[in-house]
Amino acid sequence: MDSRLKNELLEWIKSIAIALIIALAIRAYVFEPMIVPTGSMIPTINIGDRILVNKYIYRIKPLQRGDIVVFKYPDDPSQTFVKRLIGLGGDIIEIKDGVLFINGKEYKEKYLNEPMVGSFGPYKVPEGYYFMMGDNRNNSKDSRFWINKFVPRKYIVGKAVFRIWPLGRIGRIQ
C-alpha cells in the first residue's frame, strides 16, 4: 500500500471515529430519540411515535407545569415513562369527580381527549419531587396509581420536545 493511500485511509478512519464520538456525546447529554410504547399520552403522543428528548434543557431552566417529561419510573427505575408534569414540589393535587384541582383551584386542560373519571387525592407533592399524569387520563398508569406517587428530580431524563415519526405528525410536542 503506498503512503498516500495509507494516509487517506487513516484520515477517513479518524473522521469517522470523531463523528461517532460526537454522535454518542450528543445522545448521552443533549438529545435522545425514543419510541413511545403505550397510549397513556394519547392524543398528544400516540403508540409508536418516535420523539426527541431534550436531556439538557433542565440544566438551564426549571421544570414547568404542563411540560411533557421523560423520567425513570419511581416504582422500577429500569423503566422509562413519558407523562405530563402536573404537580410541582409544595403543590396539593386533587381530582374531584373528574375535575383536576391544583392548590384548591380548578386547573383547565385543553389537551385531554375526554373528561376524567373518578376522584383521587388530595396529594401534597414533596419539595424536589413531581406529580405526573398521562394525557389519556382514563387509561394511564401515572402518579395516581403508583406505590411511590412522586418522581424525584434525580429521575428526570429530559423534556419531550419533537416528534420525528410518523411523517404526517412530525413537529413540536406541546
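Isoleucine 164 has its place in strand E11 (residues 156-165), where helices (H or I, at least four residues) and strands (E, at least two) are DSSP runs numbered from the N terminus. Isoleucine 164 is partly exposed, with a relative accessible area of 34%; buried means under 20% relative accessible area, exposed over 50%, and partly exposed in between (1.4 Å probe, protein chains only). The model is a predicted one, in which local features need pLDDT of at least 70 and side-chain atom pairs count only at pLDDT 80 or more, while totals for chains, interfaces and linings use all residues. Residues are numbered from 1 along each chain as its sequence is written, and side-chain values use heavy atoms, with hydrogens and water left out.

**Surface patch**
- Isoleucine 164 belongs to a nonpolar patch on the surface together with Phe162, Trp165, Leu167 and Ile170, and these residues have about 470 Å² of accessible area together.
- Such patches are made of residues with over 30% relative accessible area and no salt bridge, like charges being joined within 9 Å and nonpolar side chains (Val, Leu, Ile, Met, Phe, Trp, Tyr) within 5 Å; accessible areas come from the Shrake-Rupley method with a 1.4 Å probe, and for residues only the protein chains shown count as cover.

**Sheet**
- An open sheet is formed by 4 strands in the order E7-E6-E5-E8, with antiparallel pairing, where two strands pair if DSSP finds at least two bridges between them.
- Strand E7 (105-106) and strand E8 (120-124) stand at the edges with a single partner strand each, so one side of each is left without a neighbour in the sheet.
- Strand E6 (residues 99-102) is joined to E7 by 2 bridges, and isoleucine 102 stands opposite lysine 105 in E7.

**Salt bridges**
- The structure holds 10 salt bridges, each being a side-chain nitrogen of Lys or Arg within 4 Å of a carboxyl oxygen of Asp or Glu.
- Lysine 159 and aspartate 67 meet through their side chains in a salt bridge (3.6 Å, N to O); lysine 159 lies in strand E11 and aspartate 67 in the loop between H2 and E3, so the pair ties together parts that are 92 residues apart in sequence.
- Both lysine 159 and aspartate 67 are buried.
- The side chains of aspartate 135 and arginine 84 also meet in a salt bridge (2.7 Å, N to O), and this pair links the loop between E9 and E10, which holds aspartate 135, with strand E4, which holds arginine 84, 51 residues apart.
- Aspartate 135 counts as buried at 2% relative accessibility, and arginine 84 is buried with a relative accessible area of 2%.
- Aspartate 142 forms a salt bridge with arginine 144, with the closest N and O atoms 2.8 Å apart; aspartate 142 is buried at a relative accessible area of 0%, and arginine 144 counts as buried at 4% relative accessibility.
- Asp49, Arg163 and Arg169 are linked in a network of salt bridges.
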